[in-house]
Structure formats: C-alpha cells, structure tokens
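Here are my notes on the model you sent over.

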Amino acid sequence: MILTAIRRLIKAWKQYGLVATLRLISYRLKSDLVGRNTHLGGIAAEMYNELLRKHQSGEIQGIAIIPSAFEFDELYNQRTINLAKYLSGKGYGVIYVAWQWHRGEVLQKNYQYVYKNVIQVPLYSFSETYFQLKIFSEINNKKYLIMLPAKIFYDLLFFMKEHCFDVYYDIMDDWECFHKAGQAPWYNKSIEEAIVLNANRITAVSTSLVRKFSHLRTDIGCVGNGFCSELLGAPKIALADIREDAGINIGYFGHLTDAWFDWQLLFELLEKHKNVHLNIIGYGEPNEVRKKAQKYDNLNLVGKISPRELREYADHWHVAIIPFKKLELSEAVDPIKIYEYLYLDLPVVATGIPHLKDYPYVEVVDNNSELLYNSIVKQYEKKLGNEVDYSVISSFLSDKTWDKRFGELFETDFLSALYKEEV
Amino acid sequence: MRVLCVYKYATVGGVERVILNRARAFKEHGLHVKQDVFFFQDSGGLQYFRKFINYFQLEDHIAVVSEIEEKNYDLIFSFDTPEVFEYVRDTSNVIVECHSPYKESRAYLKSIPKNVAKIVSPGEAFMESVIRDEVLSVFGDRLFVLPNFYISNAHTNIPPAKIWAKKPICYVGRMDSLKNTKELLDIFTIMRKKLDDDYFLLLVGDVRPHYMDIKDTIKKLRVEDRVVYFRPIPFEKVDVLFTAVKLHNGIFVSPSRGESFGLSALEAMSNNVPVLLSEIECHKPLINNDPAFRYQPGDIHEAVAKVEYISDNYYDLSVKVSQFAAKHNSAYFIESWRELCAGTKNLLDTCKPF
C-alpha cells in the first residue's frame, strides 16, 4: 500500500511537478475524503481551499469558473484567456478549466497559478469533483461562465445554480456550423438550447449569432471580440513603403483549416498575380495544401509563431486579408485578428464575413480572385497614398479593448438581479 | 400586542412568507402587533427572512429572537412545531397553526395539550377537508380559519424584463412527491409533442433530492432543451418573478396532491398570471371552482388541453384570475385576526390601532 502511494506520488511529480505534488500530499494529510476522490481531484480541492483562504483574507472578492478550449497562455490573444485575465484584474479568483479530449490527456500547466489568482484545472478533474465547489458557499459573488456549450458543462449547470453561481453563456462561435464542418464533435443542439434558456445572461460575438438564438432569448447582448495593446506592442507599424520589385505584401494569421479558409481562392490569386506576396502565419492547413504551397514562389507558409513575434512579420505587410469561404459559419464570426490588423495600421480585405464591411479600412468582397485582387490593390494604394487615417482607426478601436468588451459582458441582468440584495 | 411565532426551520418557504406577510399587514393597517419569531434551526432561509424585514422596514412589527421567553407574550403561535410545548408552561396561550399539507407532519395534532387556545388553519377548505378529521373532537369549538392572503411585494427597483422568446409554464415551490412535480414534467412532455414549440417549463424552488434528479428526469423525457431551473428566490422578489412570467404570457401550473392553501398560486393570480391547478379541495376556492383553471390530477391530456385553452384566451383569463385573487387581501386577514383576538382571552384591545 505504501509502495503504491509512493508510486502515485512519483507519477504525480513527473506529470504535474513538485508544487502540485506537495499540494496533493497536503490535501491527503488534511482530508477525510481519501478513497472518495481521485488524487487529482484532491489537488484541485487543495487549490480551491487556497482560493477560499484568499477570499477570507480579502485578497479576492469572488470566484469565477471559466472553461476553455485552450491551456492558459498569458501571451495568447484568445477570448477566454483574456476573460480570465480581466476577471483576475477585477478581484476574482479564477478556476480556469482547460479542455481535455480524454481523461488521460496531459496538459502542461495543470494545478498551477497561471496568472494572478488564476488556477488551471483540467476538465475531467474539475467535472468529476465538482461537489468540492460547495466550499465556496460563504462567497456571494460567484460566476460560472460557459464558453463551450458541451454537455459536460451543462451537466453542472443546475448544481451551479443551486449553489448560487450566476450562470453566463458567451456564444463565441456558431458551434452547430463547426460541428457540421467536422469540428466540435461534442456538440449537441439540444444541450446548447438548454444552456441558452437557462443562463442568467447570454452574450454573442456577432449579430448573426444573436439572431440565431432569437427564437429562445430576446435579451442576448452582442459583445464582439477585442484586442490587447499590451500584447501587440506599439501601434501603427505596418509598411507604407514600396517594395523594390513594386510587389504587394499581404498577410494573414490564424487557423488554416479548409473548413472555412478559402485556399482555392488564394491559389487562384497567387497564380494570376505574381506581384502579390503572401505571408501566412498559423496552423491547421491540410497536407495537400502544404504540398501545393511549395509550387508558389510568392507564398510563404510561416507556421505557428509566438504572439510576440507577430509584429516582426506584420511590419513588412501592406495589406492584411481574411479569406474565408462564404458560409453560415463565417457569417457568425467576429475574428479577433481584424482588431489586431487595424491596431497595426493594416487595411484589410475580407471575404465571407459580410458584417466586417462596417469597420474602417475594411473591404469585403465576394470570393472571386479578381475582385479580391482589385480590392487588395485599392487598399495598397490607399496605404501608400497615406489615405489610411489612423485617428479613424484609433477612434474605432477605443471601445474594442478586452476591458471595455468584458465590461458589457457583465452588465446587470434580470435573472441575477432576482437574487441580489438591492441597495 | 406581542406574540411569538415558532417554526422548526427557517427556509424560503410558505410559512415564513405567511409570517412576513402578516407583519406587513399589521404595518399597513396600523395594528399594534409585534411578532417575535423563533426558529429552531436555520436551514438557509434566515438571511432572506431578515433581509425582507429590513427591506420593508418592519422592525416595529417583527423580529427574530433566539430564545423562547414565554412571559413576554400574549399569545404563542406554533406553526406545525409541537416542540414548543417543551418550552411553554401555560399551554392555554398557545395557538396551534397547522399549515402542513404533509400528513406525517400533522400527526402531532393527535397529541397536543387539550387546553391550547385555538387550532388554526390558513384556509376554510383545508380546515374542513383535512384538519377537522384529524383533531380530537374536544377541539371542535376551537377550530379557527386565519386566512392566508396576498400583499404586494412589488416595490423593488428591478424592472420586469422580457428575456425569453417563449411562454413559460411556471411552477414555484417545493418539488416533491406531494407537489407531484413529475406530473408537471409529463404534462410538459405531452405539450411538446402536441402543441407548437411555443413554451418552456420554468421550475423555481427546492427539489427534494430523494424525490427525483431533475436533470436525469428531463433527460429521460427528452425535454431538457426546454426546461429552466432556478433555486428558490428571496421572498421580496416573488412578485418580480411573476410580473416577468406575465410579461411572457406565462401560465402557472400546479399538479399538487395536497395544499393547505396554495399561496404560490395566489401570488401568481394576483400578478395576473392565469393558473391551471389540480382539482383538490384547497385549490377550488382560489379559482372559484372555475373549470377553466382546474384539471383532474393524473389526466395529463386534460391538463394539456386546458393549457392550450388558457393560452388561446390569455387576456380574458388573466383578468379573471386577478379578480378571483382580489378577495384574498390583507383586509380580509385583519378582520379574521381581530375576530381571533376577540375570541381568545379577549385580546382585541391589545392590538388596537396606533
């Protein structure tokens, strides 16, 4: 029995590091729950206790649970990560639940403080020991944010309501369309609709998503994506000079799946217009695309880079693009990159996302390589002709920071107000 | 006049609401009555109870006390709490208030001291159909109806909001075998099959854990995408909730097998929310025994047809229920209270207006 315990501890040490293992030992020594919890649930419980102590000492004022499809990375400009940082800044202790595709999937940062008062807990450890959240009963200010409408989060919804968590559902994407496109295999329409009806407050990143669920809720707030200037560095860096060969440098960063990224359109563009030099940063492109890309001298597939390196590339671009296929899925997105492009002073040409046409220095064209080229040339000439007025962009971006956006996310809602003490 | 109210548990339940409503009625009608309230145990509702007192500034009419000091009171009201007799010497000062629709919780009626002042029920129907049969004949001339009533709590700063695009079929209260919540789920399941997808089920209250796992039940019935659950809401927000239900053209449905009065139904009706109630004795007076608002318990298809009828005639029927509800007002209660005091040790003078 002792040998088994030692073996488990060594395994935990290897997988989760010394600090998490010490937490596990501490939990085991203090807890009477041995045998009822997994040892990893025990580590989570010990971390919840730390958050409780922080609340008792006044270091934090509330608890927020944020499930995410990604591990926490402070430098990654993703909505859930920025939300965790925002809530940390507002005095919350954050339980950041990192997605696992299966129980055994090892993540790098589990059971760690990944940011000030933000702990990362892996999905299965969280969901299988959710009852430990009862220790927060003395805390009035508690939020349960559903960022992915997966059943595993719906299954905890009634428990969260019973235990006084305000429930939010933030619709970041058209998950149904993702599912149809072969992504989000966990998706179930009934579950998403149950979450939409049950949440205290609902927000969506685009008006198209607001419309999609208007048969269920009439109070869905539209809270688009944002940007973080601290992550992007100094603004207004994009190239305004002519290349020696008079070519046009265009760029893109983001996911590259052919489910929505219009590779065909880009290949046609590059084929017909050799003066267009395209840099593509990101991952997820199909193998055949990677092979085909080798034939093009004017295409550079950069791969995945650190967010900090982004500006080194964007520094050399004249125009940015978002070449998405015309799909229901594309219509629902509010791409984070659009704010980053504009912040970096890059005019943008997009396809497949009609609502972007209302943004300054963004032109949306049909998925046609000639129309795309013409628009790129037009934006390029604007850029070189100093017709891109950055004060217009600044004004547009002024209320698009994550801080401003998330302020809207937590506006008072009717259902939460039913339980709050009135002043 | 100073009285003590004793109750076993402080929850967010009907008895607590009755005691608070009485304090508001005493204040509203200028009666010099102060209720001290003793709970043997706080089951989570005490904070909401205190907030209500504070919110409506009822401190002159109600306070929570931590000890039973018999000598301080003109009368002691025991709400289904026979434990009080262990703390009280002169049991002739005790008024036994029976509010429990649960038979096992009324078993104590057989063994209460013979000299209690009165045995009180919150409604005529409950008295005649239940209490009279369960008490010893010696109490025959001391049975008294002190009616429940509605008093508006809609003084909050929360504007009613339309948030759902469908109509709520709403139930507010405890969910257990007596309240027959599973039948409501069955009704809703058939509604989904037979009627257009215009409705959702809104359940607000405590689910008794041994009764059902609500999540599993709605999953089995395949209605999870149209069922919304909320924990019990604070006393002073019930009207806000029903105002919102009305705004959504919602209907209150209670399939209960036993009630002592049906306070939640009355609160719904008072906020112009039409109701569909199971045909039990205690429900009948609330709805004037109008067949439009009742169905035979167990007859799911009748219930579905009635929901459809109410929905089709929503405006007229919401006016009608509000008219039925109007007579269950605080003036009616105060009149009965005076009668109770006059007939109990001639205490009427002690509660005269300020």
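Which side chains meet in a salt bridge, Arg226(B) and what else?

1. The partner is Glu193(A): its side chain and that of Arg226(B) form a salt bridge, at 2.8 Å from N to O. Keep in mind that this is a predicted model, so please take the distance as a computed value. The count between chain B and chain A is one salt bridge.

2. On chain B, the side that touches chain A draws at least two residues from each of α2 (46-55), α5 (214-220), β10 and α6 (238-247). Sorted by type, the residues on that side of chain B are 21 nonpolar, two polar and 10 charged.

3. Now the extent of the contact. Chain B puts in 33 residues and chain A 29 residues. About 3000 Å² is buried between the two chains, and carbon and sulfur atoms give 60% of that. If you want residues to look at, pick Ile163(B), Tyr229(B) and Arg231(B): they supply 24% of the area that chain B buries against chain A, more than any other three residues.

4. On to the sheet in chain B. Six strands make an open, parallel sheet, in the order β10-β9-β8-β11-β12-β13. The edge strands β10 (227-230) and β13 (294-295) of chain B each have a single partner strand, so one side of each has no neighbour in the sheet. Inside the sheet, β8 (residues 167-172) and β9 (residues 199-204) of chain B run parallel and are joined by six bridges. Look for Ile169(B) there, with Leu201(B) of β9(B) opposite. Helix α8 (residues 300-312) of chain B packs on this sheet; the strands touched are β8, β9, β11 (251-254), β12 (275-278) and β13, and the helix direction makes about 160° with that of β12(B).

5. Chain A has an open sheet of eight strands with mixed pairing, ordered β3-β4-β2-β1-β5-β6-β7-β8. Its edges are β3 (112-115) and β8 (221-222) of chain A; each has a single partner strand, so one side of each is left without a neighbour in the sheet. Four bridges link the parallel strands β5 (residues 142-146) and β6 (residues 166-171) of chain A, and Leu145(A) has Tyr168(A) in β6(A) as its bridge partner.

6. Two helices of chain A deserve a look. Helix α3 (residues 79-89) packs on the sheet and touches strands including β1 (62-68) and β2 (92-98), at about 160° to β2(A). Helix α18 (residues 402-409) lies across β6, β7 (201-204) and β8 of chain A, at about 140° to β7(A).

Methods: Residues are numbered from 1 along each chain as its sequence is written. Chains are lettered from A and ligands numbered from 1 in the order in which they are written. This is a predicted model: local features need pLDDT of at least 70, side-chain atom pairs count only at pLDDT 80 or more; totals for chains, interfaces and linings use all residues. Side-chain values use heavy atoms; hydrogens and water are left out. Two strands pair if DSSP finds at least two bridges between them. Contact means heavy atoms within 4.5 Å. Axes are lines fitted to C-alpha atoms, for helices over the stretch in contact, and angles run from 0 to 180 degrees between N-to-C directions. Buried area is the accessible area (1.4 Å probe) that two parts lose on being put together, summed over both. A salt bridge is a side-chain nitrogen of Lys or Arg within 4 Å of a carboxyl oxygen of Asp or Glu. Ala, Val, Leu, Ile, Met, Phe, Trp, Tyr, Cys and Pro count as nonpolar, Asp, Glu, Lys and Arg as charged, and the others, Gly among them, as polar.
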